[in-house]
Amino acid sequence: MEFKSVINGKKIDNNQWLEIINPTNFKIAGRVTALDAKSIESAFKSARNSQESWEETKLLDRIVILKNFRDLIETNIEKISEIMMLEIAKGLKDCRNEVLRTLELIDYTFEEAKRLNPLALTGEELGVENKIGVFSRVAKGVVLAISPFNYPVNLALAKIFPALVTGNTVVFKPATAGSLVGAFIGELSIEAKLPNGIFNVVTGRGREIGDLISTNKEIDFISFTGSVGIGNHLKQIASTKDMVLELGGKDPAIVLDDENLDFYANEIVNGAFGYSGQRCTAIKRVLTTDKVADQLVPIILRKVQALSMGEPKDDAFITPLIDEKSALFVKGLIDDAKGKKALILHGGALVKNRLQPTLVDNVDTTMRLAWEEPFGPVLPIIRLRSNDEIIKVANETDFGLQASVFGRDILAAIKVAKKLKCGTVNINGKSQRGPDSFPFSGIKDSGMGVQGVREALLSMTRYKGIVLNYN
Ligand code: NAP
Ligand code: G3P
């Protein structure tokens, strides 16, 4: 497979390539253009030069044009799913579901864009007379969208479509692992006859072109999803830019009672091990008391032991991690816990980038696994003495993305939820970003600003007021 970058409506072939490795067999899955500084500059210039006329295009006309693009994505769902599977080792069914979920997001984006109604004020609320102010939402200009490897369609198009439908133009940088599908979608945009320059795809390794793209003077807004490290780096080098950052997580599952253990265990195992734990919203620690843990852990254990491990094409539950370096990092967290007397109840074995689903009991706060984001198939059980201690440990983390609270007593769960410092608390459900219409945010190291459909539309637009004075 070979896909080229897209700049100003044209495929770019500079005869420099970035090979994308299939994490399942370490073979070359395909290659994309490795862009140089000159091409990157031309991508931003194309976005700038096309922005004004794109913004002047009527909203409903923009939607008609973008719907052609959206429909081509739907038509190519099987090819997109296949590419995703090959480059990020996500189960084929999960890949297809990610595309379907994103098509719904796009359709909802079109509808919500029609409801960015202007704000009308007269000033009478402050005793002012003879004024009518109309404050509309207008495009910010040129948007840099940067997406992570784990949801290469959803977390890319959740930025790109809100940006485009509101009259912004886009320079999109997919993750290296995710570049094949990102560049393929770029080629579909040409087939969809998007106006030249409004949507540009720049491919290349982040460590080589990342700073170059993030500091380009044409950028009016950055929408980034990725790791804390890169997100904080962006805050430094692009400090003058307006941005939304969706970063890492260490979502706790807090279990308050033993009233519905099988249900709790199902949610916890699915939340922790879905896509092999490579989800920002994965459940990354269980916080509970000994009394509950003594009954809950054996049920979780049975479910973890039953998780299938194998090939993405067979929709195995646990598939190879994105690369060996990431897998070794996860193993390091497990070994650190084991070295400090944690109990490995299941798993822990690693072969290249294939890590068994791993359940670790008796994890305490001296261990790295209690605090660091594994981004892999491991679940630590942390036993604490009281709800107060559970809340304390839950909040001590540098992250603050989501949390889950499980318990029959909803009032008690709400009281705990209100004390948790994070973006969203799920009561009696695993943490998850979807549905995509929900506001999605993290605090502390988990991010800055808010994603979600309406929130993405608002973050990529600004107020433009026109005030009529009359006598
Ligand atoms: P990552 O390594 O931070 O990469 C994210 C994106 O940033 C990729 O496109 C990467 O390109 C690019 N990048 C790398 N260096 C850059 C630089 N100097 N300037 C600009 N961009 C640069 O993250 P990942 O491994 O793809 O994704 C996993 C991480 O993302 C986890 O920490 C996870 O928690 C987080 N995540 C958060 C959310 C959320 O919504 N909160 C969702 C998904 C993932 P390359 O791939 O070419 O390096
Ligand atoms: O980590 C990416 C995030 O978007 C996960 O989405 O809905 O599976 O929690 P979701």
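User: In S14, what is the bridge partner of Ala253?
Analyst: Val286 is the bridge partner of Ala253 in S14. Strands here are DSSP runs of E with at least two residues, helices are H or I runs with at least four, and both are numbered from the N terminus. Keep in mind this is a predicted model, where local features need pLDDT of at least 70, side-chain atom pairs count only at pLDDT 80 or more, and totals for chains, interfaces and linings use all residues. Residues are numbered from 1 along each chain as its sequence is written, chains are lettered from A and ligands numbered from 1 in the order in which they are written, and side-chain values use heavy atoms, with hydrogens and water left out.

User: How many bridges join S13 to S14, and do they run parallel or antiparallel?
Analyst: Four bridges, and S13 (residues 251-255) and S14 (residues 283-289) run parallel. Two strands count as paired if DSSP finds at least two bridges between them.

User: What's the strand order in that sheet?
Analyst: S15-S18-S19-S14-S13-S20-S21, an open sheet of seven strands with mixed pairing. S15 (343-346) and S21 (424-427) are the edge strands with a single partner each, so each has one side without a neighbour in the sheet.

User: And which helix packs on that sheet?
Analyst: H9 (residues 261-273) does, touching S13, S14, S18, S19 and S20. Touching means heavy atoms within 4.5 Å. H9's direction makes about 150 degrees with that of S14; axes are lines fitted to C-alpha atoms, for helices over the stretch in contact, with angles from 0 to 180 degrees between N-to-C directions.

User: Switching to ligand 1. How many residues surround it?
Analyst: 29 residues, and among the closest are Ser147, Thr176 and Gly206. The cut-off is a heavy atom within 4 Å.

User: Which element gives the most to that shell?
Analyst: H7, with four residues.

User: What polar contacts does the ligand have, say with Ser147?
Analyst: A polar backbone atom of Ser147 is 2.8 Å from an oxygen atom of ligand 1, and a backbone N or O atom of Phe149 is 3.1 Å from a ligand oxygen atom. How much of ligand 1 gets buried, then? The protein buries 88% of the 900 Å² that ligand 1 exposes when taken alone, by the Shrake-Rupley method with a 1.4 Å probe.

User: Back to sheets: what is the order of the three-strand one?
Analyst: S1-S5-S4, open and with mixed pairing. S4 and S5 (residues 28-33) pair in the antiparallel sense over five bridges, and Trp17 stands opposite Thr33 in S5.

Terms used:
A polar contact is a pair of N or O atoms within 3.5 Å; within protein, one must be able to donate a hydrogen and the other to accept it, and residues adjacent in sequence count only if both atoms are side-chain atoms.
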